[in-house]
Every structure is written in C-alpha cells, then in structure tokens.
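Good morning, colleagues, and thank you for coming. Please have the sequence and the structure open before you while I speak.

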Amino acid sequence: FFFFARMFVQVCLYFYCKCLWRCLKFVVRKLTGRCELQRICYNTKPGAARTMKIEASLKGSKSKRLQTSVSVHPDAIEKTIDDIMELKRINPDINPQLGVSLQACLLQIVGYRNLIAEVEKLRREPYDSENPQHEEMLLKLWKCLKPSSPLKARISKQWCEIGFQGDDPKTDFRGMGLLGLYNLVYFAEWDTEIAQQVLSDSLQPKYSQFSKAEWEKKKFDKAIGYSFAIVGINITDLAYNLLVSGALKTHFYNVAPEAPTLTHFQQTFCYLMHEFHKFWIEEDPLDIMEFNRVREKFHKRILKQLQNPEMALCPHFAASESLINM
C-alpha cells in the first residue's frame with residue numbers, strides 16, 4: 001500500500017511540476033516578450049552552458065518538431081532554424097542574432113550525436129591482419145614510437161617494448177576494435193614527443209619528468225610501470241564511455257565552435273593519456289594489480305571536472321583553430 005501511495009504522490013508531483021513549469025514559462029514570455037530559446041541565447045554566453053540549455057529546452061518542448069530538431073541531418077539545420085523561428089513566431093529580421101546562435105548550438109548538438117555514431121563504428125570494426133590498411137597503421141605506430149629500432153618481423157616479441165601483451169598486437173584490440181589503434185596512432189603521430197616520453201616513463205617511471213628532489217619529497221620509491229599500448233586501449237575505453245554518457249558535451253561544446261569531430265575526440269584521448277600518466281605516477285601504486293583502482297579514481301576526477309559548464313579539458317585544439325580563424 002505504502003509503495004503505491006508513494007508512486008501516486010510522485011506521479012502527481014511530476015505532473016504538477018510539469019504544468020507549473022509550463023505556466024511559468026508562459027507568464028515569463030508574456031512579461032518579457034521573449035520565448036525560452038530567446039532568453040537562453042540572449043542571457044547565456046556561447047559555449048557548453050548555452051548549448052546544453054538549448055538542447056534541454058528543445059528536448060523538453062511539447063512540440064514534436066522542436067523535439068526532433070536535435071537529431072536532424074547537418075544539411076537540414078538551416079531549414080530547421082527557419083521552422084523553429086516560424087513555430088515560435090519570431091521575426092528573423094528583428095532577431096538576426098538568434099538564428100546565428102541557434103545554428104551554432106544545433107551544429108554542436110547534431111555533431112555530437114554524429115561523432116558518437118562515427119566512434120561507435122570504429123569501435124565495432126575488429127582489427128583484421130588481412131587488411132593492408134590496418135597493418136599499415138599498426139606498423140606506423142611502431143615507427144612513430146620506436147623510430148631508431150626497426151621491427152625485425154611482423155610477429156615479434158618486440159611489440160612488448162611498446163606495451164602489447166604478446167608477439168601479435170591484433171589480439172589486444174578486441175575490446176575497442178580499430179578505435180584503440182586509431183587513438184594510439186594519432187597520439188604517436190601528432191604528439192610524438194610526449195607519446196615517446198610517456199612510453200619511456202611507463203617503462204622506467206622513476207626517471208620520468210619528476211626531479212630527484214620531487215621523488216624524495218613525494219616518497220615515490222616503488223616506481224611501478226605499466227604497458228603503454230594496453231593502457232592506451234584502456235584509456236580509449238574511458239574516453240568512449242565519457243563520450244557516450246554525454247559527459248564530454250561540456251568539453252566539446254566549449255572547444256568546438258561548430259560540430260565536434262573525430263579529431264577533437266582523438267586530441268581528448270591524447271590529453272587523457274598524458275594526464276593519466278601523471279596521475280599514475282602521483283598515485284604511486286604498490287603494483288600493476290592496482291590499475292583498476294587508479295583508473296576508477298582518475299575517471300571520477302575527470303567526471304567531476306566535466307560537471308563545470310565552463311570546463312575545457314584541453315582548450316587549445318588544433319582541430320578548432322581552422323574554424324576559429326574562418
């Protein structure tokens with residue numbers, strides 16, 4: 001009885017709050033002469049705060065046309081903006097900036113959804129040693145990380161030197177498919193110096209960027225290393241989950257002026273690899289068996305940072321510069 005009574009009260013509260021909220025919106029529109037979308041665009045600065053409010057407003061609308069506007073094809077965004085303006089009875093000549101702001105927000109919202117689909121497609125594609133492109137990427141990873149040490153054979157114990165588990169890396173990509181390889185290659189090719197440094201430190205963490213004095217001050221005496229490539233695939237999984245859960249919206253809506261792209265995702269991976277490496281050293285785990293504990297703690301730290309609507313994990317994106325300079 002108490003269970004049903006509680007459920008009844010919750011349902012009543014839900015409908016009461018929903019009706020009350022709609023009434024309040026109606027009153028505010030009459031008082032200000034502006035709809036909710038106008039108020040958000042005029043009172044909130046560009047970035048995650050504005051885009052996430054616009055997204056919530058459109059999704060929560062009683063109009064199906066507004067609800068579906070967050071999932072249209074990028075080519076249909078301009079037409080969608082016209083529909084929204086018409087539906088809301090907003091004169092575009094009197095409110096020219098509103099259309100521009102809504103377009104920027106919708107590009108980000110739709111772009112984020114498309115990015116999830118692109119990343120998911122890569123994750124689901126298994127590594128195929130019979131595919132020349134896959135093999136070429138794998139060999140590129142080796143050359144970028146170990147330019148002065150030629151690979152003696154495709155199947156070789158040398159792969160363990162960059163953190164794979166056995167003599168054939170293809171078996172290590174099962175969890176994240178091609179996405180894990182794409183991210184590792186991107187890190188090694190576009191952030192080569194840092195990638196090589198992180199690889200070196202993962203093998204000999206005691207000789208990382210910390211000075212001898214810092215080691216002694218922080219009492220880093222165990223210096224446990226880790227498998228670079230395996231951790232890279234694991235951090236790919238972390239980045240993937242942040243993306244799919246929507247946690248990365250804060251970051252991407254702040255750094256991508258328009259639609260976030262795969263390059264934005266890969267640069268975020270580079271940042272997470274670098275930050276995880278520093279975090280691992282600071283945590284100074286007893287042994288590699290503590291990896292999951294350290295990873296979970298790192299995950300929670302990133303999630304906490306992303307709760308701030310002003311947050312940009314790595315604000316200086318090469319992928320964004322071309323858009324900013326347009």
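Helices here are DSSP runs of H or I with at least four residues, strands are runs of E with at least two, and both are numbered from the N terminus. This is a predicted model, in which local features need pLDDT of at least 70 and side-chain atom pairs count only at pLDDT 80 or more, while totals for chains, interfaces and linings use all residues. Residues are numbered from 1 along each chain as its sequence is written, and side-chain values use heavy atoms, with hydrogens and water left out.

Which residues of α5 are buried? In this helix, residues 77–87, they are Ile77, Thr80, Ile81, Ile84 and Met85. Viewed down the axis of α5, these buried residues fall within an arc of 140°, so they line one face of the helix; the arc is that of the directions from the helix axis to the C-beta atoms. By buried I mean under 20% relative accessible area, by exposed over 50%, and by partly exposed anything in between, with a 1.4 Å probe and protein chains only. As a general point, an α-helix has 3.6 residues a turn, so residues three or four places apart point the same way. On the other side of α5, Glu78, Lys79 and Glu86 are exposed.

Just after α5 comes Arg89, with a positive phi of about 55°, although Arg89 is not a glycine. Arg89 sits in the loop between α5 and α6 and is exposed, its relative accessible area being 76%. Asp284 also is not a glycine, and has a positive phi of about 45°. Asp284 belongs to the loop between α13 (262–283) and α14. Is Asp284 buried or exposed? At 12% relative accessibility, Asp284 counts as buried.

Let me turn to α6 and its partner. The axes of α6 and helix α11 (residues 228–245) come within 10 Å and cross at roughly 145°. Such axes are lines fitted to C-alpha atoms, for helices over the stretch in contact, and angles run from 0 to 180 degrees between N-to-C directions. From α6, the contact is made by Tyr112, Leu115, Ile116, Val119, Glu120 and Arg123; from α11, by Tyr240, Leu242, Leu243 and Val244. Contact means heavy atoms within 4.5 Å.

Leu242, in helix α11, deserves a word of its own. Leu242 is buried, with a relative accessible area of 0%. Leaving aside neighbours within four places in sequence, Leu242 is in contact with Tyr112, Ala247, Leu248, Leu272, His299, Ile302, Leu303 and Leu306. Leu306 is 64 residues from Leu242 along the chain, yet their C-alpha atoms are separated by 9.6 Å. His299, in helix α14 (residues 291–306), touches Leu238 and Leu242, not counting residues up to four places away in sequence. At 16% relative accessibility, His299 counts as buried.

Finally, the chain as a whole. The protein chain comes to 15 helices and 0 strands. Of its 326 residues, 44% are buried. Among contacts between residues at least 6 apart in sequence, 66% join residues at least 24 apart.
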